[in-house]
Each structure stands twice: as C-alpha cells, then as structure tokens.
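Colleague: I have a model open and want to learn how to read it. Can we go feature by feature?

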Amino acid sequence: MTDTMNDNYIQDPSPPLFGVCIPCVGGIHSHSSSKQTSTDSPGVCAFILTFISYLLIVATFPFSLCLCIKVVQEYERAVIFRLGRLLKGGAKGPGIFFIVPCIDSYRKVDLRTVSFDVPPQEILTRDSVTISVEAVVYYRVSDPIAAKNNVEDYSHSTRLLAATTLRNVLGTRNLAEILSERESISATMQSSLDDATDPWGVKVERVEIKDVRLPVQLQRAMAAEAEAAREARAKVIAAEGEQRASRALKEAADVINESPAALQLRYLQTLSSISAEKNSTIVFPLPIDIINYFIKKD
C-alpha cells in the first residue's frame, strides 16, 4: 500500500506539469507571432477597411473629392497617418495632396522660425550672487516627421529645455563673466539646445540673453565701487597733471633766468592779457629792477 501511494505520488505531478507547460509555450509563441505580425504588416482588418474606404470614394465621386483633397501652404508640411501608422513617402507638401477619408489623419507642421521669451530665471552664479536673467530663443522645425513622432509637444518641450539650459549654463559662470561675455554664453546655450533637440526634429538657430537684473543692494554697491574707482582715477590724473605743470614751470623759470629781458617781456605780456578783459582793475606797471634792488638790499 505504501508502494502504491509512492507510485501515485510520483506519477501524479507529471500530467499537470506537461499540461501547464505546453499551453504556456504555445501561448508565448502565439503572442510573439501576433506581435511580429502587427509590427510588419497592417493585417487583414486594415486591408478590409482600406478597400471599403476606396469603394466609398468611388461611390460618392465627385463629392468625395472635397474630403480627399487637402492643401498646405509653402511654409507647412503634412504628416499623414493611415490607421495609426505613418504613411510612407515622408511629409507631404507644399501644395495639394490626397488622403483617404475615415482611415487617414494628418497633422500640419509649421516650418517657419519661431521665437519665444524664456521666463525670468532666478540663478545663483558661481560667486554666490543671485541674479534674474531673461533670454530669447529662435528655433524652427527641420524634420516634421520626427517633430510629430518622437515628442508629444516639441514647442513646449523646447521651451522647458531652454529654461533649464539657461540655468545650467549661467550657474557655472561668475557675475563678471555673465555681464561681459554674453556672446560666448549665447553660443554655448545654442549649441547645447541644438544637440538636445536634434532627435525632436528641431533646429535651434539662435539664443540671445535679453536682460540681466541685479539685486538693488548689489546695484548700489557696484555703483559706489565704480564711483570710488572714478574718483581715484581723477585724483591720479590731476596729480600727474600737476607734476607735468611743475616740470614745465621749472624749465620756463630756467629759461627766463638766463635772460633778464625775457622776464620783462613776460611781464608785459601778462599786462596785455589783463588789459584785454573788460574790468575795473587799474594796473600800474612797476619795473622788475626796482623790486630786485630792494631784495638785494635786504
């Protein structure tokens, strides 16, 4: 009896084991084959719907032309989907193109350059200064199919990416670099955005930093620093002028000292310049020799 129970214990699991495994393998095989079929070919149902649609077009001709003929502008392209699949041949346009009603849907893509303002971003620079920066981005769609298939909303995604890139790029720069190297920062942002949006079919043409706003306290501190620097430069320039003037006066005194008549001529020239002005001052010429006499006597 014990042997019989052992035999039953050994034989009983076998049928359920094979019974489970065989359907499981068959199920996996059928699932993979159906997945491959849906990927490679549209399927029988798609052919039937397509055939019915063409019959309806022929039956309602020429009224069906109103639904079949579509027009896109010179700056637009149309991406056509047939039963959810991208139609071969790429984007259509510009001009007239045809679609099959009921099974075809299309999306228009504008190829013109679009510009938008990046909202003010509060950025902490590398030297721990908080600034508010605004920028302008110019972009266009270079691949309409990628713009519709690879990203849900390429415009909104580009705007978010531009704001993030602006914060990342300016966060690695000092305040002085941000204020003085705007062109290089714009080129860096343009290159980074262009590389990131290339899979979306978007070409970033240009990025410009619109405005850099500093805190009020920092503006006052920078203004005071600039004023002090200007005053220091003014004092240095005045001191250099005084030094040059004293050297010129010394050289002039040496020249006049060599000839006493030159001092008299200079005295007369000074009197002539004073008398040319309209004033009530009366000047009495006094010979220089008399003054020299009293100086020597003392």
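Modeller: Start with Ala 147. Contact means heavy atoms within 4.5 Å. Not counting residues up to four places away in sequence, Ala 147 touches Val 141, Tyr 154 and Trp 200. Before going on, note that this is a predicted model: local features need pLDDT of at least 70, side-chain atom pairs count only at pLDDT 80 or more, and totals for chains, interfaces and linings use all residues. Residues are numbered from 1 along each chain as its sequence is written, and side-chain values use heavy atoms, with hydrogens and water left out.

Colleague: Is Ala 147 buried or exposed?

Modeller: Buried means under 20% relative accessible area, exposed over 50%, partly exposed in between (1.4 Å probe, protein chains only). Ala 147 counts as buried because its relative accessibility is 1%.

Colleague: In which helix is Ala 147 found?

Modeller: Helices (H or I, at least four residues) and strands (E, at least two) are DSSP runs, numbered from the N terminus. Ala 147 is in helix H5, residues 144–149. Its C-alpha is 9.6 Å from that of Thr 197, 50 residues away in sequence.

Colleague: What does the side chain of Gln 190 reach?

Modeller: Look for polar contacts: pairs of N or O atoms within 3.5 Å; within protein, one must be able to donate a hydrogen and the other to accept it, and residues adjacent in sequence count only if both atoms are side-chain atoms. Gln 190 sits in helix H8 (residues 182–197). Its side chain comes to 2.7 Å from the backbone oxygen of Val 204. Beyond neighbours within four places in sequence, Gln 190 is in contact with Val 204, Glu 205, Arg 206 and Val 207.
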